[in-house]
Every structure is written in C-alpha cells, then in structure tokens.
Amino acid sequence: MTGSTRRAPFRANQAGLSHYALIFAIIAISIVAAFPLVWMVLSSFKTPAESMQVPPVWIPKTPSLEAYSEVSGVINAGRSFTNSAIIATTTTLGILITSLMAGYAFAKYRFRGRNLVFALLISTMFLPPIVTLIPLYRMVNSMGLNASLVGVIVPNLANAFGIFLMRQFIAGVPDDLIDAARVDGASELRIVFSVVAPAVVPAIAALALFAFVFHWNTYLWPLTILQGNTDDYPIVLSLGRLLSYNRGAMNTGLVMAGATLAVLPPLVLFVFLQRFFVDSIVSTGVKG
Amino acid sequence: MSMNAVSKQPVATMLAPAVILIGVFIFVPMLLTIWLSFHQWSSQTGFNTAEFVGLRNYEDIFGPLSVGRDFKRAFTNTAIYTALSVVIILPLSVLLGLLVYQRRVRGGTFLRTVLFATYMVPMIAVALVWSKLYSPTEGPINQILAVIGIGEQPWLSSPDTALVSIVILNVWQQVGYFTVLAIAGLTQIPPSLYEAARIDGANAIQEFFGVTLPLLRRTLLFSAVIAVINAVQVFEPVALITQGGPAGATNVLTYHIRRVGIERAQGGIGSAMAVMLMLSLIVVIIALFAFARKGNEE
C-alpha cells in the first residue's frame with residue numbers, strides 16, 4: 001500500500017546501469033510484452049489475403065472489419081457475450097456477499113474454532129481445481145444443473161481469496177463504528193452491508209474486479225459442466241470452437257478478431273481501474 | 001467489546017453461506033476424490049456404483065502398462081513445466097520489479113501497466129494468439145528470427161520444443177502479476193538499510209545481494225508457492241492447440257486427469273492421479289517453506 005510513497009534503492013551517482021541502458025531496457029521490455037496483443041489487434045483488421053502474405057504485412061493497409069462480421073456468424077458472439085456477462089456478474093455478486101459476511105465474522109467476532117475454520121477455508125486457495133473436478137462434475141450432474149449456466153455459477157459463489165481479503169480490510173474498521181450501530185438497534189446483517197461495507201469500498205472494488213475478470217476468463221469448469229451445450233457457452237469457450245478454423249494462415253484474421261473481442265472487457269476494466277488491482281495484490285501479498 | 005456486543009454475534013448466520021458453499025463444492029469433492037481413488041467407478045454413473053478395489057488404481061498409474069506410462073509422462077511433463085516456470089518467473093519478476101521501482105528514469109509505471117495487462121487476458125486468447133505467433137512458416141516469431149539470421153524453429157510442432165514453448169507463453173502471461181508482488185516486497189525494505197550499506201561502501205551489486213534479496217525472501221516464497229500452483233493448472237494451450245502432443249510432449253496433469261476421469265469416464269483412475277497431484281503439491285510447498293526457513297537461519 002505504500003508503493004507510491006517510498007522509493008529508494010537507486011541513486012544517480014551510483015555505479016551501475018546508465019540512464020540510457022535503463023531507458024532502453026524499459027522500452028525494449030514494453031515492446032516485447034505488448035507485442036502479442038498489438039499483433040492480435042492488428043491481425044484482426046487484416047483481410048485473409050493480407051494474413052497469408054510473405055513477407056508478412058505487419059500493419060494492414062486497408063483495415064477491414066470483415067473478420068469481425070465473420071466471427072459473429074461462426075460463434076454467435078452476442079449470445080456468448082451475454083452468457084459471459086451473466087456468469088461473471090452473478091458469480092461476482094455472490095462472492096461479494098459471502099466474502100463480506102464471512103470476512104466480518106472472522107475479523108470482528110470471537111468464537112471457538114475461529115482460527116481452525118479460517119485456516120481450513122484459506123487452505124482451499126492452494127487447491128488446484130483439477131483435484132476436485134471429477135466428483136464435482138458428478139455432483140453437479142446429479143443436482144440436475146449440468147449443461148446450464150446455473151451449474152457453471154453455483155459452485156463458485158464463495159471463495160477463500162475473497163474471505164481473506166475482506167477479513168484483512170474489515171479488521172481495520174473501528175469497533176466503535178460497529179458498536180454505535182448496535183446501540184442504534186441495527187441488526188448484524190444490516191451492519192455488514194450498510195456500516196462495514198461502505199468503510200471498505202476499495203477492497204470491495206478490488207475483489208469485484210478480480211472476481212469478474214477471473215470468472216470472465218475461466219475455462220476448465222464451464223467446458224466440463226456445459227457438456228457441449230453451445231447455447232450457454234461463454235465467450236472463452238466459443239473462442240475455443242474457433243479451433244477448427246485455426247488451421248493455416250487463412251483464418252488468422254478470424255481467430256484474432258474473436259480473441260480481441262474476448263480480451264476487451266477484462267482489459268478495459270483493468271486499464272481504468274488498475275490502481276485497485278495493484279493495491280489489493282500488494283496488500284494480500286505482503287500481509288499474507 | 002461489551003458483553004452485550006458479544007451476545008449479539010450470529011456467527012452461524014454470517015459464516016453459513018461461505019462455509020456451506022466451500023464445504024459442499026470444495027471439501028466434499030476433495031474427500032470424494034480420495035475415496036474414489038480406491039474404487040473402480042465410471043464418472044458417468046452415480047457414486048453408489050463405485051466398487052472398492054483397494055490400491056489397484058495406484059498400482060495401475062505407476063505400472064508398466066499404457067495407463068502407467070501416460071500418467072508418469074504427464075507427471076514428468078508437469079514437473080518440468082512447473083520447475084521451468086518458477087525458475088524463469090521468479091528472477092524475472094525481481095528484475096522487472098526493480099525496473100518499475102527505480103526512480104532514475106521515467107516509464108516504470110507504464111512498464112508495470114503493460115506487464116500486468118497481459119495477466120488480465122483470458123488464457124484461451126493467449127493460447128490462440130501464441131499458436132499463430134509460433135506458426136513455423138508465416139508466424140511472426142520465426143519471421144523476426146529470420147531477420148536476425150536465426151533459422152526456422154518448430155516451436156509447438158516438435159516434441160523437443162513444444163513444452164518449452166508453452167512455458168514461454170505462460171511466463172509472458174503471468175510475469176506481470178509476480179512483478180507487482182516483487183514491487184510490493186521492495187516497498188517494504190526500509191531505505192535506512194540501503195543507506196547503511198552505502199556507508200559501508202557497498203556497490204549496487206553488493207547492495208542487491210546483501211540487502212534486497214535477503215529482505216525479499218518472504219515475497220519470493222509467496223511468489224514461488226503461487227507460481228507452482230498456477231503452473232500445475234495449465235490447461236487451455238494444451239487442450240486447444242496441442243491436445244497433449246506432439247508424441248505426448250505437452251500432456252500435462254490437468255489435461256490428462258480430465259481426459260481420463262471425465263472424457264474416458266475412468267473416475268477411479270483419474271481420482272488416483274488427482275490424489276498424487278495433491279500429495280506432490282503438499283510436498284513441494286512444505287519443501288519451499290523449509291528451504292526459506294533454512295535460508296533464514298543462515
């Protein structure tokens with residue numbers, strides 16, 4: 001959290017890398033890091049003929065939206081976007097509610113077994129999803145939720161990272177504030193959502209962003225539980241269906257147009273709200 | 001806190017949603033995975049059809065037949081993939097973190113934005129883009145290499161280079177996150193320690209190894225654990241581009257377990273593999289903590 005205030009390690013008169021070497025390094029690394037995404041966007045505006053050309057055309061001479069209109073025909077992009085939005089938004093809302101409530105209990109209540117329950121919940125943060133995938137697939141099937149958006153969403157409505165993040169931040173909310181609300185006769189649920197939540201808005205924003213981006217991007221679970229029901233496919237799964245078109249340079253434009261569409265929402269969110277992402281990583285990384 | 005306040009603690013109400021969801025959708029399936037690993041069971045049928053077979057699934061996945069060969073290959077591939085990812089990502093994240101953190105020239109924050117942006121990109125899009133970048137004949141990477149006189153590389157299409165190619169795209173996607181962690185660690189180092197080192201006449205390199213690196217140990221431990229857990233989850237590039245090939249070179253555990261346990265419906269065998277993955281992770285994480293503690297005592 002102190003990222004922007006304390007800077008120290010290098011001094012101008014110190015031996016080591018010169019200014020120019022530093023500037024060169026920053027520019028070179030930025031180019032290498034940005035190249036794949038820049039190339040993706042540029043390629044999405046190429047005509048099939050331009051994609052095929054050798055030596056390659058780096059910047060399309062006559063930018064064309066052909067690939068974009070074609071991709072919406074191949075994968076029903078509108079429907080996929082709606083599915084992604086439903087999955088990401090609903091899951092995020094669920095995570096916010098369950099994390100706020102549990103985070104509040106762990107931060108402000110004293111009860112037997114608190115540390116044990118907390119440790120058990122947090123341990124799930126280190127469990128790769130593949131370890132539980134096979135029985136989970138069967139369980140959700142048995143509940144009749146397979147091949148549906150509900151089946152994609154329900155198992156992810158609570159997670160350890162959210163509880164951890166909320167506990168960290170709610171611990172910093174003054175007890176007096178909470179006790180004052182109690183004296184006023186507010187119920188505990190009311191206190192969580194109308195006293196505590198407004199006091200930890202930056203943490204809520206960070207968690208919402210992370211959850212939204214994570215569940216917009218997630219692939220393994222929807223692929224497993226939707227069982228080929230392409231009507232309910234989120235955009236990342238529909239992109240996977242471009243695989244059959246992903247042979248040879250002919251379809252590069254098409255594939256890149258699809259990829260650009262899928263990347264856009266998380267990237268736009270990030271560019272505008274980057275501070276929240278970075279702050280929350282810094283706080284969980286260091287205090288964790 | 002007053003007694004009145006203590007009596008007003010509806011612990012159960014507050015914890016129920018999270019505890020029930022995590023219990024039902026993570027702990028129950030985790031225990032079921034262990035239980036199923038001792039059974040023969042088709043994942044297309046109910047749990048009640050599972051038939052106890054003792055340790056046979058474990059004997060099979062370590063045995064000489066194709067089930068065992070495939071698992072051992074997938075396990076080795078995952079271990080190599082994970083080790084390479086961690087060994088590349090950790091030093092790179094510290095280096096990039098120092099570049100972002102330094103104040104001598106501007107552009108550090110811009111670099112951080114570019115690096116972290118890639119972490120927001122869905123892995124499936126990363127896989128699609130890189131499958132084109134890696135394309136042997138018309139792919140931009142080989143085109144650029146040709147300009148500087150390096151011949152055509154096979155990348156994803158050769159058993160020798162396919163796994164490393166996926167490591168590279170994984171590093172590209174993830175390094176921004178670990179850079180931000182490294183920066184967080186750097187901000188925690190008190191400037192007074194650098195001043196003290198300078199008074200003792202330390203140069204930049206001595207400063208790095210004497211002050212920066214030792215004080216980043218906690219951050220690096222955390223980064224290593226997360227990098228390991230992320231690495232064993234690699235799935236999209238394999239499922240989408242290589243399907244585990246060529247010649248099994250990119251068959252990694254997440255892909256293999258899903259293929260065996262769900263697509264081939266061999267739920268018991270798949271579960272035994274998942275248990276082995278879980279045990280291996282526990283061992284690796286304990287080893288990382290032990291390694292960090294040993295460093296502390298020195």
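Predicted model: local features only at pLDDT ≥ 70, side-chain atom pairs only at ≥ 80, totals over all residues.
Chain A comprises 14 helices and 0 strands, and its order of elements from the N terminus is α-α-α-α-α-α-α-α-α-α-α-α-α-α. Of its 288 residues, 44% are buried. Contacts between residues at least 6 apart in the sequence of chain A join residues at least 24 apart in 76% of cases. Chain B contains 14 helices and 2 strands. The C-alpha trace of chain B extends over about 75 × 70 × 35 Å along its principal axes. Buried residues account for 45% of the 298 residues of chain B. For contacts in chain B with a separation of 6 or more, the share between residues 24 or more positions apart is 66%.

The two chains meet through 89 residues of chain A and 88 residues of chain B. On the side of chain A that touches chain B, at least two residues each come from α1 (19-44), α4 (77-108), α6 (130-142), α9 (175-183), α11 (201-217), α12 (220-226), α13 (235-241) and α14 (252-287) of chain A. The most is given by α14(A), which supplies 14 residues to this side. By residue class, the side of chain A that touches chain B consists of 62 nonpolar, 19 polar and 8 charged residues.

Within chain A, α4(A) also packs against helix α8 (residues 160-170), with axes that come within 7 Å and cross at roughly 50°. The pair is therefore classed as oblique. The crossing of α4(A) with α8(A) is right-handed. On α4(A), the contact involves I95(A), S99(A), L100(A), A102(A), G103(A), Y104(A), F106(A), A107(A) and K108(A), and on α8(A) it involves G162(A), I163(A), M166(A), R167(A) and I170(A). Sorted by class, the residues of this contact are 9 nonpolar, 3 polar and 2 charged.

Helix α11 of chain B covers residues 217-231. Its 15 residues reach 21 Å from the first C-alpha to the last, close to the 21 Å expected at 1.5 Å a residue. Buried positions in α11(B) are T219(B), L220(B), F222(B), S223(B), A224(B), I226(B), A227(B), V228(B) and A231(B). An α-helix has 3.6 residues a turn, so residues three or four places apart point the same way.

Most residues other than glycine have a negative phi, and most peptide bonds are trans. In chain B, the peptide bond from G245(B) to P246(B) is cis, with omega near -5°. P246(B) belongs to the loop between α12 (236-242) and α13 (253-263) of chain B. A247(B) is located in the loop between α12 and α13 of chain B, and its phi is near 55°, a positive value in a residue other than glycine. A247(B) counts as exposed because it has 12 C-beta neighbours inside 10 Å, the cut-off for that class being 12 or fewer. In chain A, N76(A) is a residue other than glycine with a positive phi, near 50°. N76(A) is placed in the loop between α3 (66-75) and α4 of chain A. With 17 C-beta neighbours inside 10 Å, N76(A) is classed as partly exposed.

Conventions:
Residues numbered from 1 in each chain as written. Chains lettered and ligands numbered in written order. Contact = placed C-beta atoms within 7 Å. Helix = DSSP H or I, 4+ residues; strand = E, 2+ residues; numbered from the N terminus. Nonpolar A, V, L, I, M, F, W, Y, C, P; charged D, E, K, R; others polar. Axes fitted to C-alpha atoms, helices over the stretch in contact; angles between N-to-C directions. Parallel < 35°, antiparallel > 145°, perpendicular 65-115°, else oblique. Left-handed = near helix turned anticlockwise from the far one by under 90°. Buried ≥ 20, exposed ≤ 12 C-beta atoms within 10 Å, placed from the backbone. Expected span 1.5 Å × (residues − 1).
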